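Subject: Handover of a structure for your review

Dear colleague,

I am passing on to you the structure shown below, together with an account of what was found in it. Please look through the sequence and the model before reading the notes that follow.

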Amino acid sequence: MKVMERLVLSHLRPLVSPFQDPLQFAYQPKVGVDDAVIYLLQRAYSSLDRLNTTVRVMFFDFSSAFNTIQPRLLRAKLEKMQMDAPLVSWIEDYLTGRPQFVRLRSCVSDPLMSNTGAPQGTVLSPFLFTTYTADFQYHSETCHLQKYSDDTVIVGCVENGQEDEYRDLVESFVRWSRENLLQLNVTKTKEMVVDFRKSKSPPSPVCISGKEVELVPFYRFLGVQLDNKLEWSTNTDAVYKKAMSRLYFLRRLRSFSVCSRMLHMFYQSVMASTIFFAAVCWGAGIKAKDANRLSKLIKKAGSVVGCRLDNLDEVVRDRMVLKLRTIMDSPSHPLHNTVDKLRSSFSNRLLQPRCSKERYRKSFLPSAIRLYNSSKPSQ
């Protein structure tokens, strides 16, 4: 069945791609978690670089998102995309009339026919959900809505206290979710406000379905800890704690006389993947003391493995330059136009964006451009 789904997906993807949300970062070529976090932070940093500006970020949570897809609504959306009628009928049939039952040893429940949602663990389900939500898109100079599968975020760059567009966008998205029978979990939906102004008043809460959305000082977004000061100490603490637990298992493997090659393989797949997760997002802005903690951890792992391991600075530098080049080479990337406008007309270098605040100067885009320019020969 999964082979059949892959064949359908290869046929379906090019037909649906022109209608997909350009700010949908999941299941897209050359775009992933790093890009979703970078884009959110780029919008926040560039806005906060101006005077009298705050940023409000709403992190929405859906209840059983994949299980709430309505096949008849999806059919209507696919028909608007001018999909072939036989393909649309096949997808609707794929999602309806699915028998389910529970088996406990020799006891079997009565079968129940499921006509809502997409089956879990299948190839088509994630893509069908992104297609189901593709008709709600929003992007302006001060507000945007971005998605990573069912993780949806609204970012509002509020100037001089003018929050009308942000609140209207939240209200429109809540109304659209209700019309498409997607269930928002208001208790798990959180809002984070970033405000560096000296004279500031407490932010007025946003209400959804009569309930106030909780304001939080930090939030774990796609595995990355973001806080309302745009610092990375909370994220570093989480990374350090995870990596230390994996260092224990690395030492245990060595105690069993596992060869250095296998130890290095374990480090790369289990420990390094934790330490350097989304490093392009936080690598340039991390504090020196936090960077030293991670560097010492890498050295400890190197002494266990028995060889020199790539340090934090090397990995961050290489990944940031690689990510910037990927953005430059991908016209469909949400940040491609931003970077393209910074190309110098006299050389192959990139111009630095105007940064009045140090926090923006240490963010991904200005830092990656500096590294990129230093790696290119001047003309």
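In the notes below, helices (H or I, at least four residues) and strands (E, at least two) are DSSP runs, numbered from the N terminus. Please bear in mind that this is a predicted model.

Backbone angles

Most residues other than glycine have a negative phi. Q82 sits in the loop that runs between α3 (71-80) and α4 (85-95). Is Q82 buried or exposed? Its relative accessible area is 67%, and because the cut-off for an exposed residue is over 50%, Q82 counts as exposed.

The other residue is A278, again not a glycine, with a positive phi near 55 degrees. A278 belongs to the loop between α8 (260-275) and α9 (279-282). Here the relative accessibility is 3%; buried means under 20%, so A278 is classed as buried.

The annotated segment

According to an unreviewed UniProt entry, residues 265-286 are listed as "transmembrane region". In the model, the chain over residues 265-286 is 68% helix and 0% strand.

Charge on the surface

Which residues gather in a patch of positive charge on the surface? They are R251, R254, K296, K299 and K300. Two elements, α7 (233-255) and α10 (288-305), each give two or more residues to this positive patch. The most comes from α10, which gives 3 residues. K300 has its place in helix α10. With a relative accessibility of 36%, K300 counts as partly exposed, because that class covers values between the limits of 20% and 50%.

A strand residue and a distance

E214 is found in strand β11, which covers residues 214-215. The relative accessibility of E214 is 41%, so E214 is partly exposed. How far apart are E214 and R319 in space, C-alpha to C-alpha? The distance is 35 Å, while in sequence E214 and R319 are 105 residues apart.

With kind regards

Technical notes:
Residues numbered from 1 in each chain as written. Predicted model: local features only at pLDDT ≥ 70, side-chain atom pairs only at ≥ 80, totals over all residues. Heavy atoms only, no water. Buried < 20%, exposed > 50% of the residue type's maximum accessible area, 1.4 Å probe, protein only. UniProt positions renumbered as here; feature names shortened; annotations may be inferred. Patch = residues over 30% accessible without salt bridge, like charges linked within 9 Å, V, L, I, M, F, W, Y side chains within 5 Å. Areas by Shrake-Rupley, 256 points an atom, 1.4 Å probe, with all protein chains shown as cover. Salt bridge = Lys/Arg side-chain N within 4 Å of Asp/Glu carboxyl O. Lys, Arg positive; Asp, Glu negative; His and termini not counted. Charge placed at Lys NZ, Arg CZ, Asp CG, Glu CD.
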